Amino acid sequence: MGTVLSISPASKKASIMDAEAAVDAAKTDKSLKKHSMFVSLSWKKLVASSAKKSAKKVTPNVLAVPSGQVAQLNSENIRKTHQTEERKPKVPIPVPVPTVPGTHNGEPAGQKARLGSVQKQPSSLSLVSPRRIVIQASTGELLRCLGDFMCRRCFKLKELNSGEVILWFRNIDRTLLLQGWQDQGFITPANVVFVYLLCQDTVAESIDSVAELQGTFQTCLYLSYSYMGNEISYPLKPFMIDANKDVFWETSLRIINRMSDKMLQLNADPHFFTEVFQELKNQRDSAESNLDR
């Protein structure tokens with residue numbers, strides 16, 4: 001006996017449909033793979049082309065202008081700039097004015113007034129040199145001041161007057177001129193101030209004789225001539241009295257040891273000289289100074 005196989009139409013139809021679906025799926029897979037390959041190739045080309053474009057140098061297209069035209073344009077621009085600046089109104093440059101901080105209630109009225117005066121001052125007077133003090137006096141006036149000082153210092157000598165002290169000074173100066181020890185007189189305002197500096201320190205109030213005062217005064221004159229005089233050396237005879245030779249040298253050494261610094265300072269420091277000058281001028285007797293006016 002033979003075996004008979006029977007296949008139902010439904011199962012046959014299903015197998016045919018499955019086979020067709022498998023064929024379609026294979027075709028779709030191939031198309032997707034092909035499409036993805038095309039996309040990747042096109043992207044690579046796009047990137048490469050953009051890189052080439054960016055690598056190219058772009059040179060601007062500059063118009064060539066003749067040099068003569070360039071110079072003409074520059075001159076016209078400069079002329080227009082000057083005309084514009086001339087048309088502008090000239091306004092003064094503002095200068096900042098320093099302001100004074102507000103005063104507290106506890107400050108006195110005088111301090112507020114000083115701050116107000118400082119604020120009102122113009123800027124041009126901000127730097128002002130200190131005022132110079134000018135003192136004027138003639139040689140004769142300074143000699144009288146020196147004589148008044150000697151009379152006031154030696155109050156025990158009732159018969160002493162300023163003219164006698166001046167006469168001692170003038171006699172020595174005249175003697176040196178006549179004997180040829182000097183070519184010009186020593187008595188000048190600056191030298192009189194120097195003599196006053198030494199007498200102020202040397203002449204004591206305890207002097208009770210005219211001879212002692214004359215010897216001390218002429219010792220001061222000798223040191224003044226030796227320090228301030230125009231000649232190299234001066235003789236001792238016009239300055240020294242025969243009775244007080246030892247006292248003369250002792251007084252000279254004492255004055256040198258004590259007054260050397262001030263003697264140098266008087267010539268080096270103008271402020272110190274002005275101070276001593278004013279002090280000598282103030283030694284003038286008030287009654288005599290009123291008569292001169």
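Predicted model: local features only at pLDDT ≥ 70, side-chain atom pairs only at ≥ 80, totals over all residues.
1. Overall make-up. The protein contains 10 helices and zero strands.

2. Surface and burial. The protein has 293 residues, and 23% of them are buried. Its accessible surface is about 22100 Å². Carbon and sulfur atoms account for 58% of that surface.

3. Contacts along the sequence. Take the contacts between residues at least 6 apart in sequence: 70% of these join residues at least 24 apart.

4. The pair α6 and α9. Helix α6 spans residues 189-202, and helix α9 spans residues 270-281. Their axes come within 10 Å and cross at roughly 80°. Angles of 65 to 115 degrees count as roughly perpendicular, so α6 and α9 are roughly perpendicular to each other.

5. Residues where α6 meets α9. On the α6 side, the contact involves Ala 190, Val 192, Val 193, Tyr 196, Leu 197 and Gln 200. On the α9 side are Phe 272, Phe 273, Val 276, Phe 277, Glu 279 and Leu 280. By class, the contact has 10 nonpolar residues, one polar and one charged.

6. Ser 252. The relative accessible area of Ser 252 is 3%; buried means under 20%, so Ser 252 is buried. Leaving aside residues up to four places away in sequence, Ser 252 touches Thr 219 and Leu 223.

How values were computed. Residues numbered from 1 in each chain as written. Heavy atoms only, no water. Axes fitted to C-alpha atoms, helices over the stretch in contact; angles between N-to-C directions. Helix = DSSP H or I, 4+ residues; strand = E, 2+ residues; numbered from the N terminus. Parallel < 35°, antiparallel > 145°, perpendicular 65-115°, else oblique. Contact = heavy atoms within 4.5 Å. Nonpolar A, V, L, I, M, F, W, Y, C, P; charged D, E, K, R; others polar. Buried < 20%, exposed > 50% of the residue type's maximum accessible area, 1.4 Å probe, protein only. Areas by Shrake-Rupley, 256 points an atom, 1.4 Å probe, with all protein chains shown as cover.
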